[in-house]
Amino acid sequence: MAALKKRYYPKIAEEVYLATLDNGMSLSIIKKKGFIEKAAFLSTNFGALDNRFYIDGKLQTYPAGIAHFLEHKLFEDDQGRDVTLDFVKLGADVNAFTTLDRTTYYFSTIDHFEESLELLLKFTSEFTSSEDTVNHGKRIIEQEINMYQDDPDYRVYLGCLQSLYPNTILGQDIAGSIDSIKKITAKDLKNNFDYFYRPENCHLVLIGNFDIEQIYRFVKETRSEFTISHKTVEKEKLAIGFKNVHFSDNYMRESILVQLLFNLLFGWTSPYYKNWYAEGKIDESMSIEYEVSSRYSFIIMTMDTAEPIRMSSLIRQVMTSADKQRLLTEEALDLQKKALYGEFLRSLDNIQNLGSQYLAYSDDGKTYFDFGQELMSITSKDLKDFFNHYLSNLVITDFVVFPK
């Protein structure tokens, strides 16, 4: 137990135990007293952006979508059988997702946690595939890519990224394109698996009411061994993307500042949102997605609207108008901080959401449990300073999908 370090967050009564295993893997155990459900997340720092990297000074280049493809293939054993069936037998719900910078496998269960965890560690520790099974996988992913093309929310989101990051991997579908995945071979997948799925490049997060010493011992011993719904477009879909340069090296704080800023300007409590909603320019479909990491920083707003050109113009006016400064008051900020803090506290009781957030905010020696303290330390001056920086480095684009 000497290698485990405990962190306790008294204001939110949360505790996490941190360690680096002998094989280099990062381990976090989040103890949730009184919880019956338990969950595990195994995440590797390998996402859609990582199709170009150096080994021993030599550039390796692979087709777009290879991280997502590998995620699919790891769910098949050497006989082509879906390992999800093994989790089902244990009563566990298993899944995975690939983002721009990571691939995460996770399960949640009430019973048979250790058996399920052993399965998770096993199937992410080995890769065996033939060209025949890879070609079969290509057909499945082609269907997935085509289905996404009929999702208007996804279309406008991707369209914005393509405008913000033209001719880069950031502007491509995480799954790649039909042309790019056709180029992927079994050898490509094996090479990427060997390089990125090394223990020292992975983070295992366990959440539940564990006996800490027992589950830590189990992990050390085990680890040493080895459909999208179709949507039709009824209104125009508008996405507006904002790209910026980093404000500081504190990416958690920058992410919080971005959320506070856009909530104040465009959230459902802002006068702009209320007026546009009352006038029928927007509806409840309006959403804001924030992406801030050491490698990129962008925000994409999406909405259904009958006036996409007009709405794009109005939102740009808000960003550049002096009138917005009246919204960035200490009082308004305090309300937004309390609302965001409430969301943070609620997230601590949803173990699947907690696992994802914990992985997203585990850089620079901080964890997701520092989020609340970081949030409450922000002042209106901090926000205004950030906004001035934001405006001076801002790139805005938009993308519209029209009804068929």
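## How exposure is judged

A residue here is called buried when its relative accessible area is under 20%, exposed when that area is over 50%, and partly exposed in between, using a 1.4 Å probe and protein chains only. Keep those cut-offs handy, since they come back below.

What you're looking at is a predicted model, so local features need a pLDDT of at least 70 and side-chain atom pairs count only at pLDDT 80 or more, while totals for chains, interfaces and linings use all residues. Residue numbers start from 1 along each chain as its sequence is written, and side-chain values use heavy atoms, with hydrogens and water left out.

## The sheet

Strands (E, at least two residues) and helices (H or I, at least four) are DSSP runs, numbered from the N terminus. Two strands pair if DSSP finds at least two bridges between them. In general, strands of a sheet pair through backbone hydrogen bonds, either parallel or antiparallel.

Now for the sheet itself: 7 strands form an open sheet in the order E1-E2-E3-E9-E4-E8-E7, with mixed pairing. Which strands stand at the edges? They are E1 (5-9) and E7 (93-98); each has a single partner strand, so one side of each is left without a neighbour in the sheet. From one strand to the next, the twist averages 15°; angles like this run from 0 to 180 degrees between N-to-C directions, with axes being lines fitted to C-alpha atoms (for helices, over the stretch in contact). E1 pairs with E2 in the antiparallel sense over 5 bridges, and Tyr8 has Glu15 in E2 as its bridge partner.

## Helices on the sheet

Back in E2 (residues 14-20), have a look at Thr20. With 53% relative accessibility, Thr20 counts as exposed. The C-alpha atoms of Thr20 and Leu204 are separated by 9.9 Å, though these residues are 184 apart along the chain.

## Salt bridges

Side chains of opposite charge can pair when their charged atoms come close. A salt bridge is counted when a side-chain nitrogen of Lys or Arg lies within 4 Å of a carboxyl oxygen of Asp or Glu. How many salt bridges does the structure hold? There are 19.

Lys366 and Glu374 form one of them, at 2.4 Å from N to O. Lys366 is partly exposed at 27%, whereas Glu374 is buried at 10%. These two belong to a network of salt bridges that also links Arg253 and Asp382.

Another joins Arg198 to Glu200, with the closest N and O atoms 3.0 Å apart. Arg198 is partly exposed at 30%, and Glu200 is partly exposed at 43%. Then there's Lys338 with Asp334, at 3.3 Å from N to O. Both of these lie in helix H12 (residues 330-347), 4 residues apart, about one turn of the helix. Asp334 is partly exposed, at 29%.

## Cysteines

How many disulfides (pairs of cysteine sulfur atoms within 2.5 Å) does the structure hold? The count is 0. As for individual cysteines, Cys160 is buried at 0%, and Cys202 is buried at 7%.

Definitions and conventions. Disulfide = S-S within 2.5 Å.
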